[in-house]
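Here is a briefing for a first look at this protein.

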Amino acid sequence: MNATAPSRSGAPRPGTTPVGLGGPHPVLDVVIPVYNEEADLEPCIRRLRAHLAERAGYPYRITVADNASTDKTLAVAGELAREFPEVEVRHLDEKGRGRALQAVWSVSDAAVLAYMDVDLSTDLAALDPLVAPLLSGHSDVAIGSRLARGARVVRGPKREFISRCYNLLLRGTLAARFSDAQCGFKAIRADVARALLPHVRDTGWFFDTELLVLAQRAGLRIHEVPVDWVDDPDSSVDLVATATADLKGIARVTRATFTGEIPVHRLRAQLGREPIGVQAPGVSPSLVKQLVRFAAVGVASTVAYLLLFLLLRTMVGAQAANFTALLVTAIANTAVNRRVTFGVRGRAGAGRHQFEGLIVFGLGLALTSGSLALLNHTTHPGLALETTVLVLANLAATVLRFLLLRGWVFNPRRTAVEESS
């Protein structure tokens with residue numbers, strides 16, 4: 001694949017063009033967000049500048065983002081800016097790491113935007129591997145990870161436990177595929193950031209997580225760099241307040257995902273990250289995703305079916321209970337699969353889909369009812385055996401249902417004709 005893969009418009013996709021290392025503007029802008037860090041700021045900037053002066057073969061900038069400090073932090077930053085032409089200072093009247101990054105990154109003229117914590121807990125040896133895939137156009141976002149294989153970390157058991165629990169929570173609630181959301185060592189392509197930043201609402205510690213989740217859902221490539229990281233015992237981070245804010249952020253992003261407030265499809269189109277088209281005749285790249293989503297819907301439908309059947313079985317006969325439970329869940333199953341599994345939206349073809357879904361329901365009914373009739377004809381089953389047979393028959397009907405929905409009801413060719421008419 002070419003490094004400058006085109007979008008549907010024919011123009012190079014944002015993030016895929018290699019960054020030119022010459023020119024009047026900085027290639028890399030490293031932001032150091034600070035709040036009352038008068039003691040740590042000067043050694044941090046001197047060490048970072050020395051590292052970049054030795055290792056970076058391109059123009060760079062170090063931006064100190066002062067978050068309404070009340071000590072001498074701003075004065076120290078000003079002295080460093082006067083001493084070093086590569087250092088700039090941005091003062092904000094309000095606190096918040098996310099607010100600082102949003103403010104600086106939104107107006108920066110650098111091609112790659114990065115940030116790191118003022119305590120430099122992360123070894124600077126990881127900076128080159130962090131930035132390199134963004135400069136080449138291979139990746140869109142890069143993060144330092146304390147949990148990736150190869151990372152070396154020194155920190156207490158309490159913070160280790162909290163960090164791992166938080167990332168497990170992100171995987172369970174937001175389906176995050178990155179390993180470490182909160183390591184203060186990240187970089188992003190500026191052309192990609194311009195598309196994502198307007199949709200990131202958090203101004204505090206959850207900013208990182210929200211940006212990464214948005215990048216993942218927009219189909220962007222997130223590069224992870226194992227880091228050497230030593231905990232700062234003097235860190236002023238309030239773990240309880242941060243955890244509470246993170247939980248609220250997770251709830252907000254989850255809600256925004258279901259309501260459509262996050263424009264995932266529009267961002268994918270804007271960034272040229274739509275699903276890859278068919279590359280081999282007769283092989284659909286979406287088959288695996290469709291199977292996973294169909295299985296999830298199927299499990300929910302089976303549970304709902306069983307609950308309805310067991311509830312109705314006490315009031316009506318087994319056949320009537322089976323028919324009613326299967327009919328209700330079949331209608332709901334078709335509607336959910338239409339949108340979630342096969343990605344069909346809008347009203348076009350909805351009536352046909354439900355009609356043909358009912359035909360598929362009829363086949364499932366014949367299979368389950370036939371199994372029930374055969375069971376009662378050959379023996380006198382109890383409720384447990386009756387339920388077991390129905391579950392097995394329903395699973396078989398589910399396989400048949402997927403094949404018919406995919407190949408007939410929601411066949412992409414038929415759906416495309418309906419949407420264009």
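The buried residues of helix 7 are Phe207, Asp208, Thr209, Glu210, Leu211, Leu212, Val213, Leu214, Ala215, Gln216 and Arg217. That is 11 of the 11 residues of helix 7, so this helix is largely enclosed by the rest of the structure. Buried means under 20% relative accessible area; exposed means over 50%, and partly exposed lies in between (1.4 Å probe, protein chains only). Helices (H or I, at least four residues) and strands (E, at least two) are DSSP runs, numbered from the N terminus.

The model is predicted: local features need pLDDT of at least 70, side-chain atom pairs count only at pLDDT 80 or more, and totals for chains, interfaces and linings use all residues. Residues are numbered from 1 along each chain as its sequence is written, and side-chain values use heavy atoms, with hydrogens and water left out.

**Overall**

- The protein has 14 helices and nine strands.
- Of its 421 residues, 46% count as buried.
- Among contacts with a separation of 6 or more, 75% join residues 24 or more positions apart. Contact means heavy atoms within 4.5 Å.

**Helix 7 and its surroundings**

- Gly219 follows helix 7 and has a positive phi, near 85°.
- Helix 5 (residues 157-174) packs on helix 7 (residues 207-217) at an angle of about 40°, and the axes are 13 Å apart. Axes are lines fitted to C-alpha atoms, for helices over the stretch in contact, and angles run from 0 to 180 degrees between N-to-C directions.
- That angle makes helix 5 oblique to helix 7. Angles under 35 degrees count as roughly parallel, over 145 as roughly antiparallel, 65 to 115 as roughly perpendicular and the rest as oblique.
- The crossing of helix 5 past helix 7 is right-handed. A crossing is right-handed if the near helix is turned clockwise from the far one by less than a right angle, and left-handed if anticlockwise.
- From helix 5, Tyr166, Leu170 and Leu174 meet Thr209, Val213, Gln216 and Arg217 of helix 7.
- The residues of this contact divide into four nonpolar, two polar and one charged. Ala, Val, Leu, Ile, Met, Phe, Trp, Tyr, Cys and Pro count as nonpolar, Asp, Glu, Lys and Arg as charged, and the others, Gly among them, as polar.

- Seven strands form an open sheet with mixed pairing, in the order 3-2-1-4-7-5-8. Two strands pair if DSSP finds at least two bridges between them.
- Strand 3 (87-92) and strand 8 (222-226) stand at the edges with a single partner strand each, so one side of each has no neighbour in the sheet.
- On average, neighbouring strands of this sheet are turned by 20° against each other, direction ignored.
- Helix 3 (residues 97-107) lies across strand 1, strand 2 (60-67), strand 3, strand 4 and strand 7, and runs at about 155° to strand 1.
- Helix 4 (residues 127-136) also packs on the sheet, touching strand 1, strand 4, strand 5 (141-145), strand 7 and strand 8. Its direction makes about 15° with that of strand 7.

**Strand 4**

- Strand 4 (residues 112-116) is mostly covered, with five of its five residues buried.
- In a regular strand the side chains alternate between the two faces of the sheet.
- Here Val112, Ala114 and Met116 are buried on one side, and Leu113 and Tyr115 are buried on the other.
- Strand 4 pairs with strand 1 (residues 28-34) in the parallel sense over four bridges. Asp29 stands opposite Leu113.
- Strand 4 pairs with strand 7 (residues 185-189) in the antiparallel sense over five bridges. Ala114 stands opposite Ala187, and Val112 stands opposite Arg189.

**Helices 12 and 13**

- The axes of helix 12 (residues 350-378) and helix 13 (residues 383-409) come within 9 Å and cross at roughly 150°. The two helices are therefore roughly antiparallel to each other.
- Helix 12 passes helix 13 in a right-handed crossing.
- Their contact has 17 nonpolar, seven polar and four charged residues.

**Two buried residues**

- Glu386 lies in helix 13 and is buried, with a relative accessible area of 4%.
- Glu386 touches Phe309, Arg313, Ala318, Leu372, Leu375, Asn376 and Pro381, leaving aside residues up to four places away in sequence.
- Thr334 sits in helix 11 (residues 318-341) and counts as buried at 2% relative accessibility.
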